Amino acid sequence: MNSSFSKLFFLGLFVAYFGTIMRCLSQTEMVFLRVETPPQFVGGQDSLTVYLKNNLRYPTQAYQAKITGKVMVRFVVGSNGEISKSEIISGIGYGCDEEALRVVTLFPKWIPGRQSGKNVAVQQILPIEFALD
């Protein structure tokens with residue numbers, strides 16, 4: 001009887017554990033690298049450029065040190081257009097990396113990418129240039 005109870009107990013733990021894992025997996029979107037219709041900033045590339053010009057602030061430390069260059073930011077545009085998983089993949093330092101990440105995390109919703117007629121999550125890489133006038 002004790003052996004039967006132990007087997008049922010461990011079977012219950014097993015089912016609960018894998019049930020939790022399956023729920024986690026089902027709540028995670030598959031992220032595409034390439035899709036039939038890529039996501040885009042609402043209004044297109046020109047609107048994205050305007051957004052960056054209006055919201056990007058040149059860090060004081062970078063300005064004083066005359067630092068220029070591109071910060072590469074990777075992020076995911078979800079199937080609902082929301083931005084997530086933002087990270088720097090190539091930076092220039094002096095506060096520019098943090099500023100690029102700040103601006104990307106504040107993006108409004110994008111038009112999501114589409115694959116086989118459905119909205120899907122898509123990874124994007126965006127170069128953000130810091131240049132002195």
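In which strand does Gln 124 lie? I began there, working with a predicted model, and found Gln 124 in strand E5, which runs over residues 118–130.

I then looked up the accessibility of Gln 124, which comes to 18% and therefore counts as buried, since the cut-off for that term is under 20%. Leaving aside residues up to four places away in sequence, I listed the contacts of Gln 124 as Pro 39, Val 73, Arg 74, Phe 75, Val 77 and Trp 110.

My next entry concerns helix H2, residues 44–55, where I checked the length: at 1.5 Å a residue its 12 residues should span 16 Å, and the end C-alpha atoms are 17 Å apart, which agrees. Which residues of H2 are buried? I noted Gly 44, Leu 48, Tyr 51 and Leu 52, and because they cover an arc of only 105° around the axis, they sit on the same side of H2. An α-helix has 3.6 residues a turn, so residues three or four places apart point the same way. The buried residues of H2 pack against helix H4 (96–105) and against E5, while the face turned away from that buried side carries the exposed residues Asp 46, Lys 53 and Asn 54.

Last, I turned to the largest pocket, which holds about 350 Å³ of space. I recorded 14 lining residues, with Leu 52, Lys 53, Leu 56, Ile 128 and Glu 129 nearest the centre of the pocket; the elements that give two or more residues to this lining are H2 and E5.

Note on methods
Residues numbered from 1 in each chain as written. Predicted model: local features only at pLDDT ≥ 70, side-chain atom pairs only at ≥ 80, totals over all residues. Heavy atoms only, no water. Helix = DSSP H or I, 4+ residues; strand = E, 2+ residues; numbered from the N terminus. Buried < 20%, exposed > 50% of the residue type's maximum accessible area, 1.4 Å probe, protein only. Contact = heavy atoms within 4.5 Å. Expected span 1.5 Å × (residues − 1). Arc of directions from axis to C-beta. 1 Å grid on protein atoms, 1.4 Å probe; cavity = no way out; pocket = protein on both sides within 12 Å on 5 of 7 lines; lining within 4 Å. Points joined across faces, edges and corners; volume = space filled by probe spheres on them.
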